[in-house]
Amino acid sequence: MEDIDEAIVLPKHQLGNNEFWHPSLSKFCLKEKLVEDETLINKFGLKKKIVQVGQGWEVPELGDEITVNYTGSVVNGARFASSTEKGEPLVAIIGKDPILKGCQDGLITMRKGEISIFIVPPTLTQGTHSLFPGVPLDATLEFHVELISWFKVVDICKDGGIIKKILLKSEELELPQKKDEVTVKYEVKLEDGSLVAKSPDNGVEFIVNDGHLCPAFEKTVYTMRKGEQASLRVQPKFRYIGKLSDGTIFDTKGYDSTGPFEFKVDEEQVIEGLDRAVATMKRREAAIVIISHEYGFGDSKTEAKSTVIPARSTLYYEVEMLGFTKVKESWDMEADEKLEYAAKRKEEGNSYFKAGKYSRAGLRYDMAAKYVEFDSTFSAEQKKLGKFFTVTCNLNHALCQLKLKEFTEAAKLCTKVLKLDPCNVKALYRRAHSYLELIDLDQAELDLKKALAIDSNNGEVLQLLQRVKNTQSYYDKKEKTLFSDMVSKLKI
């Protein structure tokens, strides 16, 4: 049973008779009206009642920055949170704020000035209990929310590197092109508010394609309209200088006009030693990293940009961590996002496994399984798929651990699988294999007999059972010989 499970099946939404397409939400919602002025917003049980109608027709979207007054309480119970008690409104990103996370599908239906009551069932209150331990886990919560204002937020590069918040919208439709000349006014500040650069009062002119000041200007101006005002949060990345022991520079990244160097940790985009070192660094940290040849370019000489790196070279990197973007956490994802993430990580794990890179494969399988562990917001079909990913990815991870001779970890992963699927023959087989290597022969035999009770003609199980019996016989003989020797010595 040395094969990995490669299947990846994503659910397809099937429109039911009581569903309709909601243009503001861009998703399917239930038609059912619960009571007068109270509406079921999503299929997970979120309800909304409008207390005061808002202005206009525009509504915010997921990821936008909102300013709200709110009060949170347990239905028919005590209040546990309130922005008015703090004396100032809450400013939050829709979908990321842990307090209003369960209301997010309702928040994106609100208009400016609207006041609504949201009834949030226990399935959507994940994260609230960690902030307010006094709130019962099974409690239905009620949030009174007033939408004061919001700003449109755009992820320019889709990786968190440049975040644009639109402060003043423009009614113009046309966007600038590469060869257009634009006039821009700006101020550049650090996080502490200190001013770094400022344009003249009448602005600066430049060709869009030529850029100005930093790469973020060019990327952002493409998305702006005449008269638009916006604030940018630019996330710097990473740069380094690589040297040999004699001081020869063989590589530099992030110090030229191309801007900071960006890469994903544990994706084999840089040498292993640099990959591992960067994963331990904090923002704005600078360090000298010394990397032995085992974690560098190995036993062979390597052609670099301006020199040849001799075989078995020790490398010296001057590294500056300018910033990083963390992987989106599971609690910040919608149910479908979690399942898609798990599918992608599993595919990556399969590729690494086939290449014999079992540590990297195991990490991907672990990531996939963890993102679908908590399924409180999953529908019945999504729960089935979540279980599928949990079982297959933990099984694949167990096989990786067996290849790496990490037998205790392999056994633990198989135990996880068997809690969900007690009749899984592969899990019983791989746990028995782990127990055999750990010389826990009784447990190995017990698992194999369970597997045979499910699949009596499984040849691999029968072969492993014979190995267990042979090993048991060997240790029985060894014990018998040792006992005989001890008795002989006592007689003397």
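Of the 492 residues of the protein chain, 41% count as buried, where buried means under 20% relative accessible area, exposed means over 50%, and partly exposed lies in between (1.4 Å probe, protein chains only). The model is a predicted one, in which local features need pLDDT of at least 70 and side-chain atom pairs count only at pLDDT 80 or more, while totals for chains, interfaces and linings use all residues. Residues are numbered from 1 along each chain as its sequence is written, and side-chain values use heavy atoms, with hydrogens and water left out.

The protein chain exposes about 28,500 Å², and carbon and sulfur atoms supply 52% of this area; accessible areas come from the Shrake-Rupley method with a 1.4 Å probe, and for residues only the protein chains shown count as cover. The chain has 12 helices and 22 strands, taken as DSSP runs (H or I, at least four residues, for helices; E, at least two, for strands) and numbered from the N terminus. Among contacts between residues at least 6 apart in sequence, 63% join residues at least 24 apart, a contact being heavy atoms within 4.5 Å.

Among the strands, β6 (residues 65–74) and β8 (residues 90–93) run antiparallel and are joined by four bridges; two strands pair if DSSP finds at least two bridges between them. In this pairing, I66 stands opposite A92 of β8.

A pair of aromatic rings is described by the distance of the centres and the angle of the planes. Rings of Phe, Tyr and Trp (its six-membered ring) pair if their centres lie within 6.5 Å; planes under 30 degrees apart count as stacked, over 60 as edge-to-face and the rest as tilted. By this rule the count comes to eight aromatic pairs. One of them, F80 with F132, is tilted, at 5.1 Å centre to centre and 55 degrees between the planes. This pair links distant parts of the chain, 52 residues apart: F80 is in strand β7 (residues 79–82) and F132 in the loop between α3 (128–131) and β10 (141–155). Both F80 and F132 are buried. Another pair, F250 and Y317, is edge-to-face, at 5.7 Å centre to centre and 90 degrees between the planes. F250 lies in strand β18 (residues 249–253) and Y317 in strand β22 (residues 315–321), so this pair ties together parts that are 67 residues apart in sequence. F250 and Y317 are likewise buried. Ring pairs also link F80, F132 and F143 into a cluster.

Helix α9 (residues 407–420) has 14 residues and, at 1.5 Å a residue, should span 20 Å, which agrees with the 21 Å between its end C-alpha atoms; the expected span is 1.5 Å times one less than the number of residues. The buried residues of α9 are F407, A410, A411, L413, C414, V417 and L418. They cover an arc of only 165 degrees around the axis, which puts them on the same side of α9; the arc is that of the directions from the helix axis to the C-beta atoms. These buried residues pack against α8 (380–403) and α10 (425–437). The face of α9 turned away from its buried side carries the exposed residues K412 and K419.

Helix α10 contains H433, which is buried with a relative accessible area of 15%. Not counting residues up to four places away in sequence, H433 touches L402, L464 and R467. The C-alpha atoms of H433 and D447 are separated by 9.4 Å, with the two residues 14 apart along the chain.
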